[in-house]
Amino acid sequence: ALRAAYENEENGRTYAGLEALCREKGCSMQTATLVATAQAPFQCIPITAVNTVEQMADVAAAIRILSE
């Protein structure tokens, strides 16, 4: 049931776009996902938590990309 709900063309295009952003900006998928969520066409405030220095760097990278 979950596969049918999430494995579809629209999500495939979204994933491809996130992969392209990762290549373009040299960032992680977490960073790309935060950027995409923050730029959604509706009011959205991404809330995230980190457990490692690397995850904090991903969040900081998202903020830098959004500031460009």
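Colleague: At 1.5 Å a residue, what distance should the 17 residues of α2 span?

Modeller: Helices are DSSP runs of H or I with at least four residues, strands are runs of E with at least two, and both are numbered from the N terminus. The expected span of a helix is 1.5 Å times one less than its number of residues. The end C-alpha atoms of α2 are 24 Å apart, which agrees with the span that its 17 residues should have, namely 24 Å.

Colleague: What kind of model is this?

Modeller: Residues are numbered from 1 along each chain as its sequence is written, and side-chain values use heavy atoms, with hydrogens and water left out. Local features need pLDDT of at least 70, side-chain atom pairs count only at pLDDT 80 or more, and totals for chains, interfaces and linings use all residues, for this is a predicted model.

Colleague: Within what arc do the buried residues of α2 fall?

Modeller: A residue is buried under 20% relative accessible area, exposed over 50% and partly exposed in between, with a 1.4 Å probe and protein chains only. In α2, L18, L21 and C22 are buried. They line one face of the helix, because the directions from the axis to their C-beta atoms, which define the arc, fall within 100°.

Colleague: Which exposed residues does the face of α2 turned away from its buried side carry, and against which helix do the buried ones pack?

Modeller: E9, R13, R23 and E24 are the exposed residues on the face turned away from the buried side of α2. The buried residues of α2 pack against another helix, in the sense of contact, that is, heavy atoms within 4.5 Å; the partner is α3.

Colleague: At what angle do α2 and α3 pack, and how far apart are their axes?

Modeller: Two packed helices are described by the angle between their axes and the distance between the axes. Here the axes are lines fitted to C-alpha atoms, for helices over the stretch in contact, and angles run from 0 to 180 degrees between N-to-C directions. Helix α2 (residues 9–25) and helix α3 (residues 29–38) pack at about 115°, with their axes separated by 9 Å.

Colleague: Which residues of α3 meet α2, and how many of the contact residues are nonpolar?

Modeller: On the α2 side the contact involves Y15, L18, E19, L21 and C22, and on the α3 side M29, A32, T33, V35 and A36. Ala, Val, Leu, Ile, Met, Phe, Trp, Tyr, Cys and Pro count as nonpolar, Asp, Glu, Lys and Arg as charged, and the others, Gly among them, as polar. By class, the contact has 1 polar and 1 charged residue, and the nonpolar ones number 8.

Colleague: Which helices do the buried residues of α3 pack against?

Modeller: In α3, T31, A32, L34 and V35 are buried. Seen down the axis of α3, they fall within an arc of 160°, so they line one face of the helix. Their packing partners are α2 and α4 (53–67).

Colleague: Which residues are exposed on the other side of α4?

Modeller: The buried residues of α4 are D58, V59, A61, A62 and I65. They cover an arc of only 155° around the axis, which puts them on the same side of α4. These buried residues pack against α2 and α3. The exposed residues on the other side are V53, I63, R64 and S67.

Colleague: How far apart are the C-alpha atoms of D58 and T31?

Modeller: D58 is found in α4 and is buried, with a relative accessible area of 18%. Leaving aside neighbours within four places in sequence, D58 is in contact with S28, Q30 and T31. D58 and T31 lie 27 residues apart along the chain, and their C-alpha atoms are separated by 5.1 Å.

Colleague: Is L66 buried, partly exposed or exposed, and which residues beyond its sequence neighbours does it contact?

Modeller: L66 lies in helix α4 and is partly exposed, with a relative accessible area of 36%. L66 and V35 are 31 residues apart in sequence and 6.5 Å apart in space, C-alpha to C-alpha. With neighbours within four places in sequence left aside, L66 is in contact with V35, A38 and Q39.

Colleague: How far from D58 is Q39 in space?

Modeller: Q39 is placed in the loop between α3 and α4 and is exposed, with a relative accessible area of 55%. Q39 and D58 are 19 residues apart in sequence, and their C-alpha to C-alpha distance is 16 Å.
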